[in-house]
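Work through the exercises below with the sequence and the model open. Each task is followed by a solution in steps.

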Amino acid sequence: MIFDQNFKRLKVIKETIDLEKLNINKKSFVAYWMSSNQRVNCNYSLNESLKLAKKLKVMHKTFFIYNPRHYNSLSRHHEFMLNGLKEVNNHLNTLGHQLYFYNYSDSLIKSILKDCVCLVVDSTYTNRSKKYQKNILDNLNFNIYSVDNLYLPVERVSDKQEYSAATFRKKYYKELEHELHIHKFEIPLLLKEVDSIKIENNFTEIINKEINYLKNDEFIDKKVINISGPISAEKEIDSFIDNDFDSYEENSNNPEYIKNSTISKFLHYGQITATQVISKLNKNISLEHPFLEQLLIRRELAYNFTFYNDNYNNYKSLPSWALNSLEKHLKDKREYIYKLNDFEFAKTHDKYWNTAQIQLLTTGYIHGYMRMYWGKKILEWTPGYRDGIEIALYLNNKYQLDGRNPNSYVGVLWCFGLHDRAWRERNVYGKIRYMNDNGLRRKFDIERYVDFFNQRELF
Ligand SMILES: Cc1cc2nc3c(=O)[nH]c(=O)nc-3n(C[C@H](O)[C@H](O)[C@H](O)COP(=O)(O)OP(=O)(O)OC[C@H]3O[C@@H](n4cnc5c(N)ncnc54)[C@H](O)[C@@H]3O)c2cc1C
């Protein structure tokens with residue numbers, strides 16, 4: 001092994017042959033299968049893969065496998081991702097490399113990895129993606145490694161599911177020794193030191209064809225126009241740091257304005273990573289800063305949860321106090337009960353909830369505070385908590401640009417008690433934390449939020 005495994009960033013998936021004994025010829029190459037880290041800069045997986053190619057003195061190949069039928073996804077997701085990948089390819093081109101792009105098929109992987117001697121993949125954090133990756137990798141006969149790109153690798157912080165942010169934070173801070181060790185995480189770009197394999201690959205043409213195909217798709221959701229890609233991600237975070245970072249604590253919970261970073265969609269596709277965001281902040285920033293609490297503690301706690309809990313997408317993973325309490329209140333009379341369709345097309349009696357849903361349908365984003373209100377009301381207005389979780393996850397993952405992320409599951413389950421504590425018992429909610437519209441009116445000029453989004457037409 002040539003890697004330093006101390007930091008638990010790199011994991012051996014299989015190592016059938018000692019690296020020193022590999023049978024290498026002129027056609028041999030090392031490959032990086034890019035999936036959840038769709039960028040060049042600060043990409044630990046790409047870097048490990050290049051290190052390996054350099055050490056073995058072989059060529060390198062970076063590739064992406066596209067699944068147009070990825071579950072519950074809309075054109076907005078595909079377009080966001082495909083445009084981002086164009087940028088990744090352009091960036092690689094400037095450094096003498098390219099991104100090979102393939103449509104998924106069962107027989108594909110063996111043919112594109114002919115002559116590959118080692119493969120590096122991105123770590124996966126949910127059993128759905130673990131299974132998908134495993135099915136493919138099980139049939140391959142060479143050495144395979146996976147690389148964790150979180151700020152602190154999930155297995156480095158804890159070897160089990162953490163009960164709450166408090167228990168997770170304690171371990172996280174200990175690992176960082178109360179300092180942001182950013183210099184530890186900076187990585188060199190080795191692309192110029194390694195040759196790329198060269199095969200005909202009309203990347204732009206292939207990807208434009210996929211995008212045009214989306215435009216003919218009956219599910220096209222034209223209103224969601226979002227600029228994507230690693231360059232846009234950096235611009236978004238730069239603008240946030242210049243304009244809104246200093247007032248984050250004061251303003252980030254106020255849905256009247258969008259004063260948050262809005263980088264969750266870029267983080268989800270790996271067009272930017274927390275490490276890059278942190279490297280842009282003042283080095284003296286305290287770990288306890290509320291923005292770092294969200295970006296590091298809350299976000300990486302979500303990865304801890306989905307990584308260690310196979311029931312990450314259903315009620316079975318709720319803590320027992322929450323589950324018992326929700327069960328006890330299952331038969332409580334609900335003032336309103338809505339079906340999926342009523343929620344989906346913003347047809348509830350509550351204009352604040354409807355506005356959040358309209359924001360979601362038309363922009364692919366709901367303000368963080370309103371996401372909590374949105375989820376809590378789904379709990380309140382469905383016949384039972386199991387239906388509530390299903391509906392909230394379905395809508396969240398279908399329409400949020402940052403959906404289908406560990407944060408999506410934890411965000412929804414938080415509304416049903418995950419990573420929270422018991423509160424005063426009440427109807428329907430039991431001991432789950434309650435939210436109501438009076439709170440919105442008391443805290444904000446919530447009518448401004450309504451006026452802004454309610455004028456938008458739905459599809
Ligand atoms: C019901 C519900 C559903 C949610 N669904 C998603 C989802 O699908 N995808 C998603 O990324 N987040 C989700 N969240 C968490 C959070 O609301 C969003 O990450 C945040 O609002 C994204 O906006 P931002 O990038 O402007 O955040 P900022 O406030 O600027 O925060 C910066 C980053 O910190 C992280 N972060 C912020 N708040 C949280 C939080 N509460 N938990 C974990 N990480 C956080 C995100 O990565 C975010 O991009 C959900 C929360 C709830 C209550």
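**Exercise 1: The chain as a whole**

The chain exposes about 21,300 Å², and carbon and sulfur atoms supply 48% of that area. The model is a predicted one.

Solution. 
1. Along the principal axes, the C-alpha atoms fill a box of roughly 70 × 50 × 45 Å.
2. Take buried to mean under 20% relative accessible area. By this cut-off, 57% of the 459 residues are buried.
3. Among contacts with a separation of 6 or more, 81% are between residues 24 or more positions apart.

**Exercise 2: Strand β6 and its partners**

Task: For strand β6 (residues 143-147), determine how many of its residues are buried. Then find the sense in which β1 pairs with this strand, and the sense in which β5 does.

Solution. 
1. Five of the five residues of β6 are buried, which leaves the strand mostly covered.
2. Sort these residues by face: N143, Y145 and V147 lie on one side, I144 and S146 on the other. Both faces of β6 are therefore covered, as the residues on each side are all buried.
3. Strand β1 (residues 10-14) pairs with β6 in the antiparallel sense, over four bridges. In this pairing K11 stands opposite S146.
4. Strand β5 (residues 116-122) pairs with β6 in the parallel sense, over five bridges. Here D122 stands opposite V147.
5. Between β5 and β6 the chain passes through helix α4 (residues 127-137), and this β-α-β crossover is right-handed.

**Exercise 3: The buried face of helix α21**

Task: Which residues of helix α21 (residues 446-454) are buried, how are they arranged around the axis, and against which helices do they pack?

Solution. 
1. The buried residues of α21 are I446, Y449, V450 and F453.
2. Viewed down the axis of α21, the buried residues fall within an arc of 100°, so they line one face of the helix.
3. The packing partners of these buried residues are α16 (351-363), α17 (368-380) and α20 (437-443).

Terms used. Residues numbered from 1 in each chain as written. Predicted model: local features only at pLDDT ≥ 70, side-chain atom pairs only at ≥ 80, totals over all residues. Heavy atoms only, no water. Buried < 20%, exposed > 50% of the residue type's maximum accessible area, 1.4 Å probe, protein only. Helix = DSSP H or I, 4+ residues; strand = E, 2+ residues; numbered from the N terminus. Pairing = 2+ DSSP bridges. Right-handed = clockwise from strand over helix to strand, strands pointing away. Contact = heavy atoms within 4.5 Å. Areas by Shrake-Rupley, 256 points an atom, 1.4 Å probe, with all protein chains shown as cover. Arc of directions from axis to C-beta.
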